[in-house]
Amino acid sequence: MAGRAEGVIRFEVEHETRMLEARVHGETATLLSAWREVLARLGLVGRDPARYQGLGYGNLSARLPPYGDVGRGRRRFLITGSQTGGIAELSLEHYCVVERYDLARNRVASRGPVKPSSEALTHGAIYDVAPAARFVLHAHAPEIWRQARALGLPVTRPEVANGTPEMAQEVQHLYRETQLSTTGILVMGGHEDGVIAFATSPDEAGVTLVRHLARALALAP
């Protein structure tokens, strides 16, 4: 498994800079921020001068309604903004809404006070392939990353870079071809320490991450 540059937006962004309405998105942002703080305390998201050239790492998202018959590439979601990892406490000003995304054309359309995380395409790919998914948590857990095979976790190919259409397509491939649809957690082979968990609730996704972290620690020499 090889490392890749962290926090670099590799897709074309059509972004409208404006504040998000608290009455519409405030509750969801608060829910995400609570779990982000939990993950930050565990070192799974954040910013550390000793890691990844001091860049912020990790991001969270929540799918937005409507949830019914919505075409792929248009399953809207709220996501933490690019390079917000070093901010201690997030508020609505640190989120944006991804309105549309196109894996084939490597494009994302968004609105909010900040641009979307560099992993926005991968989040969209998960919402497209997993209809029940409502929350996606992208963490950096070296223990899980190193023990991925021993834990029996699906792993993306090491030559596939993070934040690219290839990564998004690789995640969808794993969902269709492995036990990912059941376990709800995968390791990004070409993205140093990268781990993604998703579920119908942030609690379920967060607990999945923590449970596998404990399993990985138990395997460590």
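Which strand holds the place of His140?

The model is predicted. His140 has its place in strand E8, which covers residues 135-140. His140 counts as buried because its relative accessibility is 0%, and the cut-off for buried is under 20%.

The largest nonpolar core contains 34 residues. Within this core, the residues that touch the most other members are Leu39, Leu78, Ile144, Val187 and Leu209. Leu39 is in contact with Leu44, Val45, Leu60, Leu137 and Leu209, if its neighbours within four places in sequence are left aside. Another core lies apart from the largest one and has 28 residues, including Ala125, Met167, Leu174 and Ile196.

How many of the ten residues of helix H2 are buried? The count is ten of ten, and the helix, residues 120-129, is described as mostly covered.

## Leu92 in a loop

Leu92 is found in the loop between strand E5 (77-80) and strand E6 (95-102). Is Leu92 buried or exposed? Leu92 is buried, because its relative accessible area is 14%, against a cut-off of under 20%.

Which residues does Leu92 touch, not counting those up to four places away in sequence? They are Leu20, Glu21, Ala22, His25, Gly26, Ala29 and Pro113. For Glu21, the separation from Leu92 is 71 residues in sequence and 8.5 Å in space, C-alpha to C-alpha.

The volume of the largest pocket is about 230 Å³. Its lining is made up of Glu12, Glu14, Arg72, Gly73, Arg74, Arg100, Tyr101, Asp102, Arg105, Arg107, Val108 and Ala109. Strand E1 (12-17), E6 and strand E7 (107-112) are the elements that give two or more residues to this lining. By class, the lining of the largest pocket has eight charged residues, three nonpolar and one polar.

The second largest pocket holds about 180 Å³ of space. Of the 15 residues that line the second largest pocket, Ser181, Gly184, Phe198, Ala199 and Glu204 lie nearest its centre. Two or more residues of this lining come from each of helix H6 (180-183), strand E10 (194-199) and helix H7 (202-219). The largest share, four residues, is from H6. The lining of the second largest pocket divides into seven nonpolar, six polar and two charged residues.

## Cavities

How many cavities of 30 Å³ or more does a search of the whole structure find? The search finds two. The second largest cavity has a volume of about 40 Å³.

Lining the second largest cavity are Arg36, Val45, Gly58, Asn59, Leu60, Thr80, Thr84, Gly85 and Leu90. These lining residues divide into five polar, three nonpolar and one charged. Val45 and Leu60, which belong to this lining, are also among the contacts of Leu39.

Terms used:
Residues are numbered from 1 along each chain as its sequence is written. This is a predicted model: local features need pLDDT of at least 70, side-chain atom pairs count only at pLDDT 80 or more; totals for chains, interfaces and linings use all residues. Side-chain values use heavy atoms; hydrogens and water are left out. Buried means under 20% relative accessible area, exposed over 50%, partly exposed in between (1.4 Å probe, protein chains only). A nonpolar core is a set of buried Ala, Val, Leu, Ile, Met, Phe, Trp, Tyr and Cys residues joined through side-chain atoms within 4.5 Å. Contact means heavy atoms within 4.5 Å. On a 1 Å grid over the protein atoms alone, a cavity is a set of points where a 1.4 Å probe fits but cannot get out, and a pocket is an open set with protein on both sides within 12 Å along at least five of seven lines; lining residues have an atom within 4 Å of a point. Grid points are joined across faces, edges and corners, and a volume is the space filled by probe spheres set on the points. Ala, Val, Leu, Ile, Met, Phe, Trp, Tyr, Cys and Pro count as nonpolar, Asp, Glu, Lys and Arg as charged, and the others, Gly among them, as polar.
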